[in-house]
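Dear colleague,

Please keep it open while you read.

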Amino acid sequence: MFFQGLKCKCKYKIWFPGKFFNFIFSNIVAESSVNTLKIHWELQAMVACYPGNGTGYVRHVDNPNGDGRCITCIYYLNKNWDAKLHGGVLRIFPEGKSFIADVEPIFDRLLFFWSDRRNPHEVQPSYATRYAMTVWYFDAEERAEAKKKFRNLTRKTESSLTED
């Protein structure tokens, strides 16, 4: 089950630590090569719950089409997680590398990686309920261009519908 954004109708309240993620980004990530990007403080968040019946997520790239997402940040919420027993490992396939990176979804782990084709990844089957909160940071210029393309596409679609 996936919850987009900050609002959801669920049994438990979800606290979104936006200030925490902004602090981490400003003080750690911004000091690296990321500072060549124009980070837009628009965030998109998702809370994921894998029910634990062998559910995973297929290999994918978070931003395959230039939608503006440039950094993926995942925070894991799984206490007492044992990857050998519970599975649910995030497997990253770094582009152009001969190795993979397996990241166990253990409680209080915070992970950052590029959202584009450089880091295809998948969630291996999970055999216990697995929670993760994902936040995407946007590059301002790429995001603006993606929104412009979307508006143009929407206008073309609307005009073709009205012509019929």
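A residue is called buried here when its relative accessible area is under 20%, exposed when that value is over 50%, and partly exposed in between. Please bear in mind throughout that this is a predicted model.

I begin with the charged pairs. Side chains of opposite charge can pair when their charged atoms come close. The structure holds four salt bridges, and I describe three of them below, including the one between the side chains of Asp67 and Arg69, where N and O are 2.8 Å apart.

A second pair is formed by the side chains of Glu95 and Arg117, with a distance of 3.6 Å from N to O. Glu95 is partly exposed, its relative accessible area being 41%, while Arg117, with 55%, counts as exposed.

Asp116 also takes part in a salt bridge, and its partner is Arg118, the closest N and O atoms of the two being 2.9 Å apart. Arg118 is partly exposed, at 32% relative accessibility.

As for the cysteines, the count of disulfides is zero. Cys49 has a relative accessible area of 19% and is therefore buried, and Cys73 is buried as well, with a value of 0%.

Finally, I turn to the second largest pocket, which has a volume of about 340 Å³. Its lining is made up of 21 residues, and those that lie nearest its centre are Met46, His60, Asp62, Thr134 and Trp136. The elements that each give two or more residues to this lining are strand 1 (2-4), strand 2 (39-50), strand 3 (55-60), strand 4 (69-76), strand 8 and strand 9 (130-139). Sorted by class, the lining of the second largest pocket consists of 12 nonpolar, six polar and three charged residues.

Key: Residues numbered from 1 in each chain as written. Predicted model: local features only at pLDDT ≥ 70, side-chain atom pairs only at ≥ 80, totals over all residues. Heavy atoms only, no water. Buried < 20%, exposed > 50% of the residue type's maximum accessible area, 1.4 Å probe, protein only. Disulfide = S-S within 2.5 Å. 1 Å grid on protein atoms, 1.4 Å probe; cavity = no way out; pocket = protein on both sides within 12 Å on 5 of 7 lines; lining within 4 Å. Points joined across faces, edges and corners; volume = space filled by probe spheres on them. Helix = DSSP H or I, 4+ residues; strand = E, 2+ residues; numbered from the N terminus. Nonpolar A, V, L, I, M, F, W, Y, C, P; charged D, E, K, R; others polar.
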